[in-house]
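The sequence and the structure are shown below.

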Amino acid sequence: SPEHAEVSSALLNLGSVAVRQGDYAKAESSLVRARAIRVKVFGARSSMVAKVDRAVAELRQREGRLPEARRAFEKSLWGFGTATRDDSLQTATTLFKFADCLRDLKDRRAEREALERSLQIRKALLPPGDADIVEVKARLGAPTSG
């Protein structure tokens, strides 16, 4: 129902703010509740659930729980891929954030692969020179023009 979707969005926003504020217990509680609602309303293979999984991944990364963060990013990417054919800007954003986690894990090869896939998606969907494309190219150490 629309009410459930609104509650889950409010909980996701609350959880994301709590992560930024360093209140990880509050973030965890909000995100767990948001995910449960979204699975019930939209199904587990939904981009709506994948957004919560990405927020959980960011929480785990902030907590320094990097292996758990990696699994949560992978779960989020699976959700976006299932829901959107794996070529959405949500996927590109998740790959870019996942690359940060992979960098922290010292997995340079996987970090580069995530950034290259993010760039590929962004180039297909955004105009040349878009700030998001420039940002990924800069992370890859590639020329940022064109």
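## Burial and the setting of Ser-8

A residue is called buried when its relative accessible area is under 20%, exposed when that area is over 50%, and partly exposed in between. The model discussed here is predicted. Ser-8 has a relative accessible area of 0%, so this residue is buried.

Ser-8 belongs to helix H1, which spans residues 2-21. The side chain of Ser-8 comes to 2.9 Å from the backbone oxygen of Ala-5. When residues up to four places away in sequence are set aside, Ser-8 touches Ala-34, Ile-37 and Arg-38.

In total, the structure contains 17 salt bridges. One of them pairs Lys-97 with Glu-58, with 3.4 Å between the closest N and O atoms. This pair joins distant parts of the chain: Lys-97 is in helix H5 (residues 89-104) and Glu-58 is in helix H3 (residues 47-63), 39 residues apart. Lys-97 has a relative accessible area of 27% and is therefore partly exposed. Glu-58, at 27% relative accessibility, is likewise classed as partly exposed.

A salt bridge also connects Arg-70 and Asp-107, whose closest N and O atoms are 3.0 Å apart. Here, too, distant parts of the chain are linked, since Arg-70 is in helix H4 (residues 66-84) and Asp-107 is in the loop between H5 and helix H6 (108-125), a separation of 37 residues. With a relative accessibility of 25%, Arg-70 counts as partly exposed, whereas Asp-107, at 18%, counts as buried.

Glu-111 forms a salt bridge with Arg-139, and the closest N and O atoms of the pair lie 3.3 Å apart. Because Glu-111 is in helix H6 and Arg-139 is in helix H7 (residues 131-140), the pair ties together parts that are 28 residues apart in sequence. Glu-111 has a relative accessibility of 10% and so counts as buried. Arg-139, at 28% relative accessibility, counts as partly exposed.

Which residues are linked with Glu-111 and Arg-139 in a network of salt bridges? The network also includes Asp-100, Arg-103, Asp-104 and Arg-108.

Technical notes:
Residues are numbered from 1 along each chain as its sequence is written. This is a predicted model: local features need pLDDT of at least 70, side-chain atom pairs count only at pLDDT 80 or more; totals for chains, interfaces and linings use all residues. Side-chain values use heavy atoms; hydrogens and water are left out. A salt bridge is a side-chain nitrogen of Lys or Arg within 4 Å of a carboxyl oxygen of Asp or Glu. Helices (H or I, at least four residues) and strands (E, at least two) are DSSP runs, numbered from the N terminus. Buried means under 20% relative accessible area, exposed over 50%, partly exposed in between (1.4 Å probe, protein chains only). A polar contact is a pair of N or O atoms within 3.5 Å; within protein, one must be able to donate a hydrogen and the other to accept it, and residues adjacent in sequence count only if both atoms are side-chain atoms. Contact means heavy atoms within 4.5 Å.
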